[in-house]
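Please read this report alongside the sequence and the coordinates.

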Amino acid sequence: MSIGRMTVGFIGLGHMGAGMAANLLRAGHRVTVYNRTPSRARPLVEQGARAATRVRDACGGDAVITMLADDASVEAVVFGDDGMIRALREGAIHISMSTISVALSERLATAHANARQRFVAAPVFGRPEAAAAAKLFIVAGGAPDVVEACRPLFEAMGQKTFHLGDEPKAANLVKLSGNFLIASVIETLGEALALVRKAGIDPRQYLDFLTSTLFTAPVYRTYGGQIVEEKFEPAGFAAPLGAKDIRLGLAAADGLRVPMPLASLLHDRLLTLLARGGEALDWSAIGQLAARDAGL
């Protein structure tokens, strides 16, 4: 791990952000935290963080990380009257680790450049348990020297960082494409499990067979296990966020004129889950829809 210590703000202390900020503290970085609900900052303050009462109070250091739910939350923090564009000094870095649209990433890059600030998009792959264990995979987009300047922070939060080009929006597109693939795995697992269950085959034995042979990737074990056990609460990644990510992926595909028929199906499946009251469930609950459709 790099030995350089940085002064960093961290905005957004939800399921993912809290663990990520805690790992920055453990690595020796000086961290100021801000969250719209102040009580979420208390555990981190007890670990040595400084609590900010306003967004601008988290913007006085080398960098500010945002880990927020959606485009609207990021826009409010960056472009608001008390926001980052006004508060960051010249040369400071905004590291956007949220899953946001390609369009917003482009807007952020332009706005920070105009303010003589630096911008890196660095969305992550991994659920809250990976965030807490500093085992995230980080996908970074931005100028090589700026990404390199962020490396001590990335090394504190993740197990590997992939730099995918000079344009921040490239990282956001890769993140959206990855979440599309994960949702595809969930849907196909749900359909296959419904098929074998209806035939009277033990779904646990079936999943063990799958994940011991052709489909050994962790994503199959994690989500297959959730579907088989019907363990969708508490949500590690809530269904509304999954629906948002598929919608953003479709918007990016529309802009590039890339048909994604399966993404359209996944969008409808997630809408079905939400329409049936699945707001609080993990997005893996779409894997249960096939079983219901089959009368199980």
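## Helix α12

Which residues are buried in α12? They are A239, G242, A243, K244, D245, I246, L248, G249, A252 and A253, where buried means under 20% relative accessible area, exposed over 50% and partly exposed in between, with a 1.4 Å probe and protein chains only. This is a predicted model, in which local features need pLDDT of at least 70 and side-chain atom pairs count only at pLDDT 80 or more, while totals for chains, interfaces and linings use all residues. Residues are numbered from 1 along each chain as its sequence is written, and side-chain values use heavy atoms, with hydrogens and water left out.

The cover over the buried residues of α12 includes α3 (71-79), α5 (102-114), α9 (168-198) and α13 (261-275); helices here are DSSP runs of H or I with at least four residues, numbered from the N terminus. After α12 comes R257, with a positive phi near 55°.

## Nonpolar cores

A nonpolar core is a set of buried Ala, Val, Leu, Ile, Met, Phe, Trp, Tyr and Cys residues joined through side-chain atoms within 4.5 Å. The largest has 36 residues, of which F10, M20, I95, M97 and F154 touch the most other members. Helix α1 (residues 17-26) gives the most to this core, with five residues.

Beyond its neighbours within four places in sequence, F154 is in contact (heavy atoms within 4.5 Å) with I95, M97, V120, A122, I138, A140, V147 and T161. A second, separate core of 29 residues includes V228, L273, L274 and A285.

V174 lies in helix α9 and is partly exposed, with a relative accessible area of 30%.

Methods
Helix = DSSP H or I, 4+ residues; strand = E, 2+ residues; numbered from the N terminus.
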